[in-house]
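The following note comments on local features of the model shown below. Its points are numbered so that each may be taken up separately.

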Amino acid sequence: MKNTCIGILGIFFLFFSCINQEEIRLQRALKLAGENREELEKVLDHYKTMPDGNLKYKAARFLIENMIYYYSYDFPSIHAYYASLDSLLIPQRATPGYHSYLSEKIKEIEKGVNKNQIRIIKDIENIQADFLISHIDQAFEMQKYPWIQELSFEDFCEYVLPYRISKEPLTNWISFYQNALRTEIDSLVAIQATDSMVCEALRLHLVNPVDWYHYSFQLEFPATSLLNKGAGRCNDISMMAIFALRSLGIPVAYDFTPQWANRSMGHSWTLVQAQSGNFLPFQLGDEARVGDHLKNKTIEKLPKVFRHTASLQEEHLKLQYAREPVYPFFTDPYLKDVSSLYFEGVDIAADLTLPPPAKKEYAYIAVFDNKDWIPVHYAKIERNKALFTGMGKGCVYLVMYYHEDKLFPAGNPFIVEETGEIRHLSPDPTSRQTVTVTRKHPPFKYEHMDRKMLGGYFQVANRPDFSDAVEIHTITGFDKDRLPEPILLENPVSATYFRYMSAEKAHVYMAEIMVYNEDGEKLEGEIIGTYGSFHNNGMDKTKVFDGDILTYYFSHVHTGCWVGLAFDTPQKIKKVIYFPANDDNFINPQEEYELFYYDKGWVSMGKRTGDETRRFEYHHVPDHALLLLKNHTKGIEERIFTYEDEKQVWW
């Protein structure tokens, strides 16, 4: 009986503790609202007095309790800024060179913004009762859709109800998206569609307006702009999907990695919560079906994955009131670590072998992009150690301190092997080796193009319809460093027409072709081939002969496409040199390079100038070191590597 009483008392105190915590959160929000408290209390009072308004009252409390760190931006010309961006609509896509057009226009618009005048508008201090009430009512109206019937109230609050996603301006986006998608909604309701069916239907419906495009200004677009804009970063595309799906009552989450471990940039995607309760990743504009989005990311390594949440993460670093400045990424208290949903991570107990520039409470673990170390997780420092939980395998990490807006190493880098074992990259000055380098960045982002190009072939002919064509070469493979591929004919071939015929479903993907006669002279002619480019992006047949190996022909049709030259008179062709779609990250003649190894910072092994061999040998490089080759002449893509078994191993 004694144990039973203790159990009942424990449940009693736990119950009232939970109630007390909820009340504390609400009072915290109302206090922070300041002069805007009256607007928030109007919302609560509105639903308190409504018949059967209990769930709406709870929904209102959820939004108010969790909005305290939500905000958007404002500046004097913000409406003109967004109006100018909205003018860049999808009809412009019909213009050849659409992406170049878009790039220049966005740069012009961004120049007109005085960033010193940007100020933060906190939701808790400014949001209006009418806006919240309207939003809550519209969200509850979505319960009429068949695919939302089994959704729990907790998941409804987290994945359907939120009035904003990030820092975008507040708009009445539910009715906007419902009106835009009315035809699709009606057809899906008619067939009693499930939530995943709705998601797949919208993925296919919205795939055509979506183009990925990077721009420099970091202000989020209004929800009402995203559907029209037709271009953006992956987070813009993710947000558009979330607004569209939540406007239909589909529970959807927003996950991302702040930085890939083995390439530049991060990535974000959306997940629909299926009726099974599982979350299925997808992205608008992706060829992969719902649930398969990350399956085509076979090369990229995830060091960490977070979820943007609607609810405050009370255990987050910002809410633990750290006594020191926090690395900016981790000042967002709406981030939840969901790495375990994507991979089996490993806990890393890191020794901090270098002292901090000042006393520190926290350390950060970082991965390398093309230029800097980017923190992806944090840990409390205890006895000169830091325990980083759930880290991705197959990655190189560096533990760092954050001080006065700068990062400082807490030791040397290390590799977490696929087995979970840790291999330290501490240079050994007593053991040195000769390192041969041929590239500054791996060619992996073009490997899928290589596979598609296999089977493409070159032809010569004397009739314009190529009815008398003779095949002179078929692509069966590529140089591992993506160096120019030469075709040397045993005997010169006389021809008036020359072309490259793309492999099936390959979109051409050819960067450059150079044709030479028997005297070694480069031949010029009229550029012929399949008309147009993918999504009218300007990457047409002319790119194969523009002298720039960074541009390539991306045809609007995937099969039966070709590109070539028509000569005024028959020419004797002896040699052809071609570049597949390329990143130009091999070693080029007359360009200056510098090799570094990491030892408490980057240490130079000296500068070299490239020549026709397209390789360097560096002697006396310390063993067990992390290396980096920079090109000081041009380019921004650089990747860390180790040297193992006489080859560069990229990380």
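1. Strand β24 (residues 592-598) and strand β25 (residues 602-609) run antiparallel and are joined by six bridges. Two strands are taken to pair if DSSP finds at least two bridges between them, and the elements themselves are DSSP runs numbered from the N terminus, helices being H or I with at least four residues and strands E with at least two. Within this pairing, E594 has K607 in β25 as its bridge partner. Three residues lie between the strands of the hairpin, where K600 takes a positive phi near 65°.

2. The model is a predicted one, in which local features need pLDDT of at least 70 and side-chain atom pairs count only at pLDDT 80 or more, while totals for chains, interfaces and linings use all residues. Residues are numbered from 1 along each chain as its sequence is written, and side-chain values use heavy atoms, with hydrogens and water left out.

3. β24 also pairs with strand β27 (residues 627-631), to which five bridges join it in an antiparallel arrangement. L595 stands opposite L629 of β27. Six of the seven residues of β24 are buried, so the strand is mostly covered; buried means under 20% relative accessible area, exposed over 50%, and partly exposed in between (1.4 Å probe, protein chains only).

4. Which aromatic pair do Y598 and W602 form? The structure holds 44 aromatic pairs, where rings of Phe, Tyr and Trp (its six-membered ring) pair if their centres lie within 6.5 Å, and planes under 30 degrees apart count as stacked, over 60 as edge-to-face and the rest as tilted. The rings of Y327 and Y364 are 6.0 Å apart at their centres with planes at 55°, so this pair is tilted. The pair formed by Y598 and W602 is edge-to-face, with 4.9 Å centre to centre and 85° between the planes. Y598 is buried, with a relative accessible area of 3%, whereas W602 is partly exposed at 28%.

5. Y327 lies in the loop between β6 (306-308) and β7, and Y364 in strand β9 (residues 362-368), so their pair ties together parts that are 37 residues apart in sequence. Both Y327 and Y364 are buried. They belong to one aromatic cluster, formed by Y254, F256, F306, Y327, F329, F330, Y362, Y364, Y378 and Y402.

6. Two arginines have their charged ends over aromatic rings: R499 over F466, 4.1 Å from the ring centre, and R608 over Y618, 4.2 Å from the ring centre. The criterion is that NZ of Lys or CZ of Arg is within 6 Å of the ring centre and within 35 degrees of the ring normal.

7. An open sheet of five strands has the order β5-β4-β3-β6-β7, with antiparallel pairing. β5 (279-282) and β7 stand at its edges with a single partner strand each, so one side of each is left without a neighbour in the sheet. From one strand to the next, the twist averages 35°; axes are lines fitted to C-alpha atoms, for helices over the stretch in contact, and angles run from 0 to 180 degrees between N-to-C directions. Strand β4 (residues 267-273) is joined to β5 by four bridges, and T270 stands opposite F282 in β5.

8. Strand β11 (residues 385-391) runs antiparallel to β8, with five bridges joining them; A349 stands opposite L387 in β11. Two bridges join β11 to strand β10 (residues 373-382), again antiparallel, and E382 has K385 in β11 as its bridge partner. The hairpin of β10 and β11 has two residues between the strands, and R383 in the turn has a positive phi of about 55°.

9. S339 lies in the loop between β7 (335-337) and β8 (346-351). Is S339 buried or exposed? S339 is buried, with a relative accessible area of 2%. Leaving aside residues up to four places away in sequence, S339 touches K304, V305 and G390, contact meaning heavy atoms within 4.5 Å.

10. In helix α10 (residues 182-190), the residues E184, I185 and L188 are buried. Viewed down the axis of α10, its buried residues fall within an arc of 100°, so they line one face of the helix; the arc is that of the directions from the helix axis to the C-beta atoms. The face turned away from the buried side of α10 carries the exposed residues T183 and A190.
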